[in-house]
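User: I have a model open and want to learn how to read it feature by feature. Can we work through it together?

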Amino acid sequence: MSIPAFSDIAKSSNDLLTKDFYHTAASNLEIKSKAPNGVSFNVKGKSTHDSNTAGSIEAKYKDDPSGTFFNHLLFLIRSPLDKSSNISSQALIRPGQASLLMFYRRAGLTLTQAWTTANVLDTKIEVENQLAKGLKAELLTHYLPKSNTYGAKTNLYFKQPNFHGRAFFDLFKGPTATIDAVLGHEGFLVGAEAGYDVQKAAITRYSAAVGYTVPQYSAAITATNNLSVFAASYYHKVNSDVEAGAKATWDSKAGDKVGLEVASKWRLDPTSFAKARRPISWPA
């Protein structure tokens, strides 16, 4: 199994406890389409129970990696032809002429642009497995025309067979950085997260988690909010039709009360299912 991100160590139990309960969640609408030239369009809408409505229209284009060769007359240039880099060159000198063979490999960018009902223009540029195998880099920008304000963030994701690390940088607020990492071996997981403010030169938050995951069940213990909120969760896939899970949470700064939630999911047929959730507080 692949190593999850730090925020997904307890994903199985969290999804069972929170997803599909539509009376408590916001209403969502999503329409996707794809043009013949490969551009994807996505229209999203969200309405909460307090009548707040938001939406966006998004266009996404992926430029697959490719390469091309071309010649150019030049002299006194010689470098090895290295196809591991994006641009390389090699000088060929013959009697009476000199030529430069240059190779350019397109990195394979993915460009996503969105316009929201809050009049925010969002742009995301992604490059994956080009700088290094397993590394994905993102540049996200947003612009508000009315107030002429803007922001930019850089995200890095690095995955290996026994490692999953992420780094999020807000370039204009702080700047700040949030870094997390998870190590895994034979189902056992250990991870940590930390936030850092560059201007203050201080750690702003930290968390830790341990877990164990196999296809049939998973368990996790997390300590968030500077190791002040503790949660223990469990998920069990009983069979192909029945799932069960529970989560206990204790806030050490709020007292001795422990919150407990239990949930179950029963698949009625290939197209429908039933879910139940019961929150319990102890002591009552």
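User: Leaving aside neighbours within four places in sequence, which residues is S56 in contact with?

Analyst: A word first: this is a predicted model. For S56, what remains is N42, V43, K44, W115 and T116. S56 itself is found in strand β3, residues 53–62.

User: Is S56 buried or exposed?

Analyst: Go by relative accessible area, where buried means under 20%. S56 has 17% relative accessibility, so it counts as buried.

User: And what about S252, where is it placed?

Analyst: S252 is in the loop between β17 and β18, the latter spanning 258–269. Its relative accessible area is 35%. Partly exposed covers the range between buried, under 20%, and exposed, over 50%. S252 is therefore partly exposed.

User: Which residues does S252 contact, leaving aside neighbours within four places in sequence?

Analyst: S228 and F230. Take F230 as a worked case. S252 and F230 are 22 residues apart along the chain, and their C-alpha atoms are separated by 7.8 Å.

User: Let me step back to the whole chain. How many helices and strands does the protein have?

Analyst: Count the elements before looking at any one of them. Here there are 19 strands and 1 helix. Next, burial: of the 284 residues in the protein, 25% are buried. Then the contacts. Among those between residues at least 6 apart in sequence, 30% join residues at least 24 apart.

User: Which way do β14 and β15 run, parallel or antiparallel?

Analyst: Antiparallel, with 6 bridges joining them. V210 stands opposite I221 in β15. This hairpin has 3 residues between its strands.

User: Now β8 and β9. What is the bridge partner of L121 in β9?

Analyst: Y143 is the partner of L121. β8 covers residues 121–128 and β9 covers residues 135–144. They pair in the antiparallel sense over 8 bridges. Their hairpin has 6 residues between the strands, and N129 takes a positive phi near 60°.

User: What does β9 do with β10?

Analyst: β9 pairs with β10 (residues 149–160) in the antiparallel sense over 10 bridges. L144 has T149 in β10 as its bridge partner. The hairpin of β9 and β10 has 4 residues between the strands. N148, in the turn, has a positive phi of about 55°.

User: How do I read a pocket? Which residues lie nearest the centre of the largest one?

Analyst: The largest pocket holds about 360 Å³ of space. It is lined by 21 residues, with M1, S2, P4, L189 and T213 nearest its centre. α1 (11–18), β12 (176–185) and β15 (217–224) each supply at least two lining residues. By class, the lining has 10 nonpolar, 8 polar and 3 charged residues.

User: How much space lies in the second largest pocket?

Analyst: About 210 Å³. Of the 14 residues that line the second largest pocket, S7, A10, N14, T222 and T224 are closest to its centre. β15, β16 (229–237) and β17 (242–251) each give at least two lining residues. The largest share, 4 residues, comes from β16. The classes divide into 7 nonpolar, 6 polar and 1 charged.

Conventions: Residues are numbered from 1 along each chain as its sequence is written. This is a predicted model: local features need pLDDT of at least 70, side-chain atom pairs count only at pLDDT 80 or more; totals for chains, interfaces and linings use all residues. Side-chain values use heavy atoms; hydrogens and water are left out. On a 1 Å grid over the protein atoms alone, a cavity is a set of points where a 1.4 Å probe fits but cannot get out, and a pocket is an open set with protein on both sides within 12 Å along at least five of seven lines; lining residues have an atom within 4 Å of a point. Grid points are joined across faces, edges and corners, and a volume is the space filled by probe spheres set on the points. Ala, Val, Leu, Ile, Met, Phe, Trp, Tyr, Cys and Pro count as nonpolar, Asp, Glu, Lys and Arg as charged, and the others, Gly among them, as polar. Two strands pair if DSSP finds at least two bridges between them. Buried means under 20% relative accessible area, exposed over 50%, partly exposed in between (1.4 Å probe, protein chains only). Contact means heavy atoms within 4.5 Å.
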